[in-house]
Amino acid sequence: MGRFVDIAVFRAHRFSLGRDAETGALYLSTPVSGFNRAAEYEAYFRISADAFEQFRADPDAAEAFLQACRNHEHEDRRLA
């Protein structure tokens with residue numbers, strides 16, 4: 001088992017929700033582009049239990065947070 005364990009995958013929205021096996025933190029993961037936009041990679045962002053449940057019940061509710069993550073606006077929430 002790896003560090004990041006997906007619990008729910010939303011392919012149409014291009015994100016997953018899960019738990020970090022090392023820290024226990026809940027996360028949202030999504031593809032992001034590097035600053036030069038040449039490469040895309042999966043990034044993991046810490047979220048609260050409330051956000052986890054909200055996004056799991058209503059994936060559309062994650063849209064604003066997803067866009068902010070993809071625009072590098074939540075780097076303080078990134079899991080290494």
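Is Arg78 buried, exposed or partly exposed? Select Arg78 and find out: with 26% relative accessibility, Arg78 counts as partly exposed. For the cut-offs, buried means under 20% relative accessible area, exposed means over 50%, and partly exposed is what lies in between (1.4 Å probe, protein chains only).

Before moving on, keep in mind that this is a predicted model, where local features need pLDDT of at least 70, side-chain atom pairs count only at pLDDT 80 or more, and totals for chains, interfaces and linings use all residues. Residues are numbered from 1 along each chain as its sequence is written, and side-chain values use heavy atoms, with hydrogens and water left out.

**Stop 1: Arg78 and Glu75.** Arg78 and Glu75 form a salt bridge, with 3.1 Å between the closest N and O atoms. The term means a side-chain nitrogen of Lys or Arg within 4 Å of a carboxyl oxygen of Asp or Glu. Glu75 counts as partly exposed, at 34% relative accessibility. There are four salt bridges in the structure, so let's go and see others.

**Stop 2: Arg3 and Asp20.** Now pick Arg3 and Asp20. Their salt bridge has its closest N and O atoms 2.8 Å apart. This pair ties together distant parts of the chain, 17 residues apart: Arg3 lies in the segment before strand 1 (4–10), and Asp20 is in strand 2. Strands here are DSSP runs (E, at least two residues), numbered from the N terminus.

**Stop 3: Glu22.** Glu22 counts as exposed, at 59% relative accessibility. Show the three residues together: Arg3, Asp20 and Glu22 are linked in a network of salt bridges.

**Stop 4: Ala21.** Which residues does Ala21 touch, leaving out those up to four places away in sequence? They are Gly2, Arg3 and Val5, where contact means heavy atoms within 4.5 Å. Ala21 sits in the loop between strand 2 (15–20) and strand 3 (26–33). Ala21 counts as partly exposed, at 49% relative accessibility.

Methods
Helices (H or I, at least four residues) and strands (E, at least two) are DSSP runs, numbered from the N terminus.
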